[in-house]
Structures are given as C-alpha cells and as structure tokens.
Amino acid sequence: MDKLLETTQKFPNTDYWNDSCAKSDLEYAIARGAVGATTNPIIVGSVFKRETDLWKDRVYEIIGEKPSGSEEDVAWKLIEEMGARGAGMLKSIYDKYKGKKGRISIQTNARHYRNTEAMVTQAKHFNTLAPNMQVKMPASAAGIKAFEEATYAGISINATVSFTVPQAIAVAEAVERGFARREAEGLPIDTMAPVCTLMVGRADDWLKAWVARTGVIVDPDCLEYVGVAIFKRAYKIYKEKGYRLRLLAAAFRNHYHWSEFIGGDCAMTITQDWQEKLNASNVEVVSRIDKPVPPVLLDQLLTLPEFVKAYEPDGQAPEEFEHYGAFVHTLSTFLDGYDDLLKTIRPYMVKE
C-alpha cells in the first residue's frame, strides 16, 4: 500500500493535501486519500505551462471577454478558474465531511500583504467561487487582522507565509476572535475549517542560511529538525489552548515533514514529487506527533537566537513577522512568481 494512503487509513485525522491544482496531480492524490489541495500564482503558472493545451484557448477567450482588461485581470481570472476546477474535483469529499475536508486553497494577491482591507475584499470574492474554497493570506501584521475579519465573514482561512510559533498563535487567536463574533450574532461556524500553515521546510532553509551567514557551528542534523520542532511546539499549544483551527505542514525538504507529524490532528500539503518519494519509501507509518525532538538536537537549536525567535511563543511581535528572514525570502518568491505568471500571460495579449 502507498505510504500516504496507509497514513490516511491508519490515522484518519492526519490529512494530506495535494500541493497543486494540476488535474493529473490532483487525481493521483485523491486516489491515495488526499482530502484537499492548494494553489497560488506560482502553482497556476506552472500548471498553465504543463496544461497549455487545456488552457490556451480559454486564455484567449478571457482576453476577448475583457477588452479593456490588463494582464493582471486575465491572470486572476485564470487563477480563479483553476481554483474552481480543483474545487469541483474535491466537492464530493467536502460534502462527505460537511465542510471540514475537501477544500482547495486560493491565495490573495501577495502584493497586498500590508493591506488588511484589500486582502479581506479579495477573500470575500474568492469565497463566492465555490462552496469549498479556502482563502490563503500571509501571516503579516495586516494578515492577522484580515484573518479575524474573514473568519467573521464566514470564510475558512489558510494562513500562509508562516514559519513560527508566534505566528501560529497570533493566527489562532485571530480566528478565535472571528468565531466569537459570529457566535455572538448566532451565525454558524460548524462547516468552517480554518488552518494555519507552517512552512516547515522553509523554516529549515532559513536557519541553514542564517547559520552559514553567521559562521556558527552546530551539528548539521539539528538543522533538519527546525521546522519539526516549531510545528510540534505549536501543535502542543493548539491542543492545550483548544484552538478551533488546525495546523498544516508545507514545503517539504525531508521525510520528517511527513513522518514526524503522523498521528496528529493536522494536515500536510505535499507536492507531487514528494508524494511519489514518500509512497515509495520504507518509512514505517506509526504515530510520531507526540515524540519529542531529540534533546541533544533541540538544545543546540536553542543556542541560536534566530531559532528562538521562531520557537518561543513570545519570540516575535506581529509587527516583526514580515521582517523575519523566512518571511522576507518566501514573500519575495511569491512576488517573483506572480510577476512570472504575468509574463506568461503577456504573449497571449501582446501579439501580431
């Protein structure tokens, strides 16, 4: 049995998502127990290049439908339609689990990471595209405010560009405030399914880069546990506090980003290449969510101030989130990916 399917069968609360909206990828994942999917402008650009034959005629139609539209208008229409297609593929799962599973994430414009109102406005629009949309916004100071407002509006959010325990807590508190406002007005929350993404692999990447930059010597093995340690601490706090949203692990770099979270009431979004690697592995599918990070490795990590910022609940204030190295690098990647999508669309508009 494929390891991911085995995981979902042995541990039904440990969900896995397909980290793509490509049709073939999503079909592969759903067949192996996936109950969600994700998208963003980078993914849409990649999928368009893979599925050009499926989408190029539609792009020309969109251009025709928007005679005064910009390449951004065309790109966002494409993003929305790819998201809606994925939502349709997941709809039966959404119905089966009454909204708690079977959603596809769609990401607001990364350029709005400092603008709460713009993010909420776009989130409300995205929520009309299909009943099982989940809206991704960055966990910046403005994003934290947006999570509360979007939750109050009945939108299931997905906090992204998130790497730290302080971010995970701030997201959870914002969602709880949104829930409380809905409950005070008698509005339902029973079908909502918010999540907070921790980009565990990118947390690893940043600490490795920081260590290389500073010249600090540590056991290299401990740097493979950065994201795992952060995720497990946030998970424990979520359970202790009784937060009504779940953690989602993303950006895999090693099998720990799956195997160490097995058994948890959480989710993991996994790219096609990592799904294939994990399915072909001989890693035993057993619960490890409560297994602590080896103390000898955690003790070394706690000597690194850049790790402490990410690991301790009070390590950062919200106004510091967008200045943390992992945030800066990831947001830059998202912005560059958005620019690349526009460049992909441009030749279809500007042609002889």
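**Reading a predicted model: core, sheet and side chains**

Modeller: The largest nonpolar core has 121 residues, and V171 and F307 have the most contacts inside it. Such a core is a set of buried Ala, Val, Leu, Ile, Met, Phe, Trp, Tyr and Cys residues joined through side-chain atoms within 4.5 Å. Buried means under 20% relative accessible area, exposed over 50%, and partly exposed in between (1.4 Å probe, protein chains only). The model is predicted: local features need pLDDT of at least 70 and side-chain atom pairs pLDDT 80 or more, while totals for chains, interfaces and linings use all residues. Residues are numbered from 1 along each chain as its sequence is written, and side-chain values use heavy atoms, with hydrogens and water left out.

Biologist: Which residues is V171 in contact with, leaving aside its neighbours within four places in sequence?

Modeller: Contact means heavy atoms within 4.5 Å. On that basis V171 meets A139, I144, F147, I157, A159, C196 and L245.

Biologist: How many residues of strand β3 are buried?

Modeller: In a regular strand, side chains alternate between the two faces of the sheet. Strands (E, at least two residues) and helices (H or I, at least four) are DSSP runs numbered from the N terminus. In β3 (residues 103-107), five of five residues are buried. R103, S105 and Q107 lie on one side, I104 and I106 on the other, and both faces are covered.

Biologist: Which residues are bridge partners of R103 and S105?

Modeller: Two strands pair if DSSP finds at least two bridges between them. Strand β2 (residues 36-38) runs parallel to β3 and is joined to it by three bridges, with G36 partnering R103. Four bridges join β3 to the parallel strand β4 (residues 133-138), where Q134 is the partner of S105.

Biologist: Where does Q316 lie, and is it buried or exposed?

Modeller: Q316 is in the loop between α14 (305-311) and α15 (318-321). Its relative accessible area is 9%, so Q316 is buried. Not counting residues up to four places away in sequence, Q316 touches T164, P166, K309, A310, F321 and Y324. A polar atom of the Q316 side chain lies 3.4 Å from the backbone oxygen of K309.

Biologist: How many aromatic pairs does a search of the whole structure find?

Modeller: Rings of Phe, Tyr and Trp (its six-membered ring) pair if their centres lie within 6.5 Å; planes under 30 degrees apart count as stacked, over 60 as edge-to-face and the rest as tilted. The search finds eleven pairs. The ring centres of W76 and Y338 are 5.8 Å apart with planes at 45 degrees, so this pair is tilted. W76 in helix α5 (residues 71-96) and Y338 in helix α16 (residues 325-349) are 262 residues apart.

Key: A polar contact is a pair of N or O atoms within 3.5 Å; within protein, one must be able to donate a hydrogen and the other to accept it, and residues adjacent in sequence count only if both atoms are side-chain atoms.
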